[in-house]
Amino acid sequence: MYIESISAEGFRNLYGIDLKLNKGINIFYGNNAQGKTNILETVYVCGTGRSHRTRIDSRLVNFNGSECHVRIFCVKGSRKDRIDLHIKKDERKGIAVNGIPIKKSSELFGTLLTVIFSPEDLGLVKDGPSERRRFMDMELCQMSNVYCYDLQQYYKVLKQRNSLLKNIQKNPSLKETIFVWDNQLEEYGKRLISARRNFISKLNDISAIKHKKITGEGEILKIEYKPDCKEDNFHSKLLSSIERDIMYGTTSQGPHKDDIIFTVNDCDVKLFGSQGQQRTVSLSTRLAEIDIIENETGEKPVVLLDDVFSELDESRQKFLLESIKDTQIILTCTGVEDVVKKYIKNASIFYVENGKVIKKTCV
Ligand SMILES: Nc1ncnc2c1ncn2[C@@H]1O[C@H](COP(=O)(O)OP(=O)(O)OP(=O)(O)O)[C@@H](O)[C@H]1O
Ligand SMILES: [Mg+2]
């Protein structure tokens, strides 16, 4: 799939953006703090319903404005979809697909598939488990409406169970009613666990191959799913932790505590990896993600590359571009560097300055 055009008004510092994109490579260059990442962010938000940089939607609206609009046309085979994003400060954001407002993010997923490579990717390896759960959830939601629905239901039930746990502290007789939530939590939770297990197993297989190639056969990458509970013991764990859960007023076990472990040559990358190693692991993971999305949906996602070239050595830059050469690419950099000139043909080049974009040329 590819994006045909993007327009944006009042999204962060962007104004009067109205761009026709190339089906191949699109390069946005300019000095720091001009709006390059903001352009990628418009695409990511329209694809996933949320930003990769903030959970607070109102931050996406210009400091001096009260609302922002983004419109993206994307093409899949003979089908063209229009995504409209509208955010008003202090209100919930609105997204419409082909003019029809969506009520849940599950209705949006799949319309515009994206994979982003960004400086924040390091967080996938380095940060706490919630970042890795978020990663699994974002990827699985893009590929499966069922997963997205199960995830929403799971968190809804979890919230209700937690609120009941707090009420039980005051009124112990309510304890008898908890099984209603436990049954539902177990039903949705088991589906999340098995979907995540399946996804990480595929991710592990593909990323290991990518990683081996990137590192010149030097490193063996393993990605392992660490579920907090397994499908067959979730029920008994809920039962056995009930007293503790009531005491703390929160559900202590379940997929909301899952994690993933990345190891290189059997060493935990989070604890022992060098910065370059951690970056390469996140690169291999993202590359694997592209293949999985294509295998699962039959569509190639749009690849967003935010300033990644400055962090990679020449052979890794070459490998990255070679791996994604058949996808639409939107990339940002501070200068149209030599490497870009060297490896990229037929790109559209856009210059970004102070929230405005000027189309330069095709190279
Ligand atoms: N809500 C907002 N309203 C107005 N400006 C904003 C808002 N949020 C961010 N900005 C500004 O947008 C500018 C551009 O940000 P962006 O992250 O796109 O820069 P960039 O061109 O990618 O720079 P770099 O090369 O440093 O990554 C920054 O100066 C930032 O302060
Ligand atoms: Mg940037």
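Mentor: Asn 98 sits in the loop between β6 and β7; strands here are DSSP runs of E of at least two residues, helices are runs of H or I of at least four, and both are numbered from the N terminus. The model is a predicted one, where local features need pLDDT of at least 70 and side-chain atom pairs count only at pLDDT 80 or more, while totals for chains, interfaces and linings use all residues. Residues are numbered from 1 along each chain as its sequence is written, chains are lettered from A and ligands numbered from 1 in the order in which they are written, and side-chain values use heavy atoms, with hydrogens and water left out.

Asn 98 is not a glycine, yet its phi is positive, at about 50 degrees. Most residues other than glycine have a negative phi. With a relative accessible area of 35%, Asn 98 is partly exposed (buried means under 20%, exposed over 50%, partly exposed in between, with a 1.4 Å probe and protein chains only). Ala 33 also has a positive phi without being glycine, near 60 degrees. Its place is the loop between β3 and α1, and at 75% relative accessibility Ala 33 counts as exposed.

β6 and β7 belong to an open sheet of 6 strands in the order β2-β1-β4-β5-β6-β7, with antiparallel pairing. Two strands pair if DSSP finds at least two bridges between them. β2 (17–20) and β7 (100–101) are at the edges with a single partner strand each, so one side of each has no neighbour in the sheet. Helix α1 (residues 36–48) packs on this sheet and touches β1, β2, β4 (67–76), β5 (79–88) and β6 (94–97); contact means heavy atoms within 4.5 Å. The direction of α1 makes about 70 degrees with that of β4, where axes are lines fitted to C-alpha atoms, for helices over the stretch in contact, and angles run from 0 to 180 degrees between N-to-C directions. At the other end of the sheet, strand β1 (residues 2–9) runs antiparallel to β2 and is joined to β2 by 4 bridges. Ile 6 has Leu 19 of β2 as its bridge partner.

Strand β13 (residues 329–333) runs parallel to β3, joined by 5 bridges, with Cys 333 as the bridge partner of Tyr 29. Strand β14 (residues 347–353) also pairs with β3 in the parallel sense, over 5 bridges, and there Ser 348 stands opposite Asn 26.

Next comes the interior. A nonpolar core is a set of buried Ala, Val, Leu, Ile, Met, Phe, Trp, Tyr and Cys residues joined through side-chain atoms within 4.5 Å. The largest such core has 100 residues, and Ile 3, Leu 112, Phe 117 and Leu 305 touch the most other members. Helix α5 (residues 178–214) is its biggest contributor, with 9 residues. At least three residues come from each of domain 1 (1–113 + 299–363) and domain 2 (125–297), domain bounds being taken from an automatic or database assignment. Leaving out residues up to four places away in sequence, Leu 112 touches residues including Ile 3, Val 43, Ile 72, Ile 83 and Gln 142.

Thr 114 lies in strand β8 (residues 114–117) and counts as buried at 1% relative accessibility. Its contacts, again beyond four places in sequence, include Val 43, Tyr 44, Gln 142 and Ile 293. Between the two domains, 25 residues of domain 1 are in contact with 21 residues of domain 2, and the domain centres, taken over C-alpha atoms, are 28 Å apart.
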